[in-house]
Amino acid sequence: MQAKPQQSYRLFSIQQIQMLERNAKADRHQPSLMELAGKAIFSQALALIKPDQGPVLLIAGPGNNGGDALEAAAHLSAAGYKTDLIRLGQDATRSPEAQLALNKALHSPIQQLPADASLVPSTDQLAYQLIVDGLFGIGLNKPITDATAQLAFRINQYAAQTGCPVLAIDVPSGLHAETGAIVGGAAGCCIAATHTLSLIGNKPGLHTGDGKQLAGQVLLDDLQLAAVAHSEYVACLTDPAQIDCHALSRKANTHKGSFGDVAIIGAAPGMAGAGILAARAALFAGAGRIFLVQPDAELRLDMLHPEIMCRDARQFEFNKQVIVIGPGLGQDQLAIDLLRAALQHTCPVVIDADALNLLAAKPELAAQLKTRTATTLLTPHPLEAARLLALSTEQVQQNRAAAARELAQRFDCHIILKGAGSILCGPQDRHYRINPSGNPGLASGGTGDVLAGLCGALLAQGMEVGDAAALACWAHGAAADELVMAGSGPIGLHASELLPVIRSLLNRKVAGRI
């Protein structure tokens, strides 16, 4: 049973947030949610700025997100900070709350700037030390275009050139709060924030897809709504502290058979490295015995890790091993036959890489997968997921969670949709998970093979499939994060470097030090 995530790890859909807002407005008189939001933004702004070191620029859009920015502008001005304001939209159409916030801002010593104002300071003006993005919030349903898009472009350009931090209110303007994609795809644009203050509840789109980059550091303020703690949520961030990994503990009276067998089926000629990486990952993650099962027995021995036993696939007998099939498998008839045999296997199977492409190309194999009753975990990247769903990669990336959930339902199995903010779900899961660890250093050859082997090892040691997938994704990403912190990435980080760090993380986790 999955542990209930802490409040900060829960992720809410747009509809759920809007319902919380409506209920709060019906029950509350003073202070309003907008006033509380303005104070929260002001408080966060103070953590990012210093007195007498340049003005603060706030962008107020036509909706309540803009009203939050107006409230914050009034607070900053009252506190003595030089405050500039760009507001868009018709003032007469603002909500009553936003009208009150506008009146406060207009009665403050705030400099009003036109929407097309140059953000480059004159020689006698200090550069902005913070830009607050209150242009659009979670209600945005069409791309940012025309003059508004030009303003967003100028903000991004200014921040990139000067290093000025950008604080987004609730969600970076132009980002879909639920999917993590830019609204409108290639037709839209988005403000790139260094910090996002998510109000009321945390949002999935801040942690996956484009949002993983565009949201920057995500902060949270529930605006004193006690109902948030009891509200339904759509997803959660993986919290390593809540993953049950007791199956990994070592008792004194054990032997190698106590920790399961993993068979990596792959490493065909010309692609041996993929299978080797998966097998080594299973070794470093604690599986008792590891077999590297090759379509053509080209490799007799892994000289670096002779603990791995190499076998010819034509002579290998499936027994009680956890199967990891796909890394370097190939696409020929023997590969098809091996995948068919793996799908008939009664133990857990992890399907990756070439095996995923065979499922997409061979309807009879996909049909066999649907009828399988044993545990199955698929680990596609977006292109592989697109092939399985007969979609484009862009369509998958426009709604990563929907794609992962569709795969889980269609094939009745567990899914790790890899990428920035990997999506994890099973066919019966009420909530999907987003993995928060990892960085662009993982965008290199072989890291997916490591993840597949890691999943296989955790399943072989008896972990439940949802927890095994969650721990594997988290440790995989956290290893890359530790390497980057040590200066070994993201540039040049390679898959083999992950292995000893993953081993260390798993041991620390089991020992209760994580």
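This is a predicted model: local features need pLDDT of at least 70, side-chain atom pairs count only at pLDDT 80 or more; totals for chains, interfaces and linings use all residues.
## The largest pocket

The lining of the largest pocket is made up of 10 nonpolar, 18 polar and 5 charged residues. The space inside the largest pocket comes to about 760 Å³. In all, 33 residues line the largest pocket, and those closest to its centre are Gly 419, Ala 420, Asn 439, Leu 442 and Ala 443. How is such space found? Rolling a probe the size of a water molecule over the atoms shows where empty space is left.

Which helices supply the lining of the largest pocket? Helix H6 (211-214), helix H11 (382-389), helix H14 (447-460) and helix H15 (465-485) each give at least two residues. H14 has the largest share of this lining, with 4 residues.

## The second largest pocket

The second largest pocket holds about 600 Å³ of space. It is lined by 29 residues, and Asn 64, Asn 65, Gly 137, Ile 138 and Gly 139 are the closest to its centre. Helix H1 (14-27), helix H2 (33-46) and helix H3 (64-78) are the elements that give two or more residues to this lining.

H1 provides the largest share of the lining of the second largest pocket, at 4 residues. By class, this lining has 14 nonpolar, 8 polar and 7 charged residues.

## The sheet

Now to the strands. An open sheet is formed by 11 strands, in the order S1-S9-S18-S17-S16-S15-S14-S13-S10-S11-S12, with mixed pairing. Strand S1 (10-11) and strand S12 (309-312) stand at the edges. Each has a single partner strand, so one side of S1 and one side of S12 are left without a neighbour in the sheet.

Two pairs of strands give a view of the detail. S10 and S11 pair in the parallel sense, over 5 bridges. Within this part of the sheet, Ile 265 stands opposite Val 293 in S11. Strand S13 (residues 322-325) and strand S14 (residues 349-351) also pair in the parallel sense, over 3 bridges. Here the bridge partner of Ile 323 is Val 349, in S14. In a regular strand the side chains alternate between the two faces of the sheet.

Why is strand S11 (residues 289-294) described as largely enclosed by the rest of the structure? Because 5 of its 6 residues are buried.

## Asp 261, in strand S10

Asp 261 belongs to strand S10, which covers residues 261-265. Is Asp 261 buried or exposed? Its relative accessible area is 14%, which is under the 20% cut-off, so Asp 261 counts as buried.

What does the side chain of Asp 261 meet? A polar contact of 2.7 Å joins it to the side chain of Arg 289. Beyond its neighbours within four places in sequence, Asp 261 is in contact with Arg 289, Phe 291, Gln 321, Val 322 and Ala 460.

## Glu 97, in helix H4

Glu 97 is part of helix H4, residues 96-106. Which residues does Glu 97 contact, leaving aside neighbours within four places in sequence? They are Lys 25, Ser 32, Leu 33 and Met 34.

Take Ser 32 from that list. Glu 97 and Ser 32 are 65 residues apart along the chain, and 7.8 Å separates their C-alpha atoms.

Technical notes
Residues are numbered from 1 along each chain as its sequence is written. Side-chain values use heavy atoms; hydrogens and water are left out. On a 1 Å grid over the protein atoms alone, a cavity is a set of points where a 1.4 Å probe fits but cannot get out, and a pocket is an open set with protein on both sides within 12 Å along at least five of seven lines; lining residues have an atom within 4 Å of a point. Grid points are joined across faces, edges and corners, and a volume is the space filled by probe spheres set on the points. Ala, Val, Leu, Ile, Met, Phe, Trp, Tyr, Cys and Pro count as nonpolar, Asp, Glu, Lys and Arg as charged, and the others, Gly among them, as polar. Buried means under 20% relative accessible area, exposed over 50%, partly exposed in between (1.4 Å probe, protein chains only). A polar contact is a pair of N or O atoms within 3.5 Å; within protein, one must be able to donate a hydrogen and the other to accept it, and residues adjacent in sequence count only if both atoms are side-chain atoms. Contact means heavy atoms within 4.5 Å. Two strands pair if DSSP finds at least two bridges between them.
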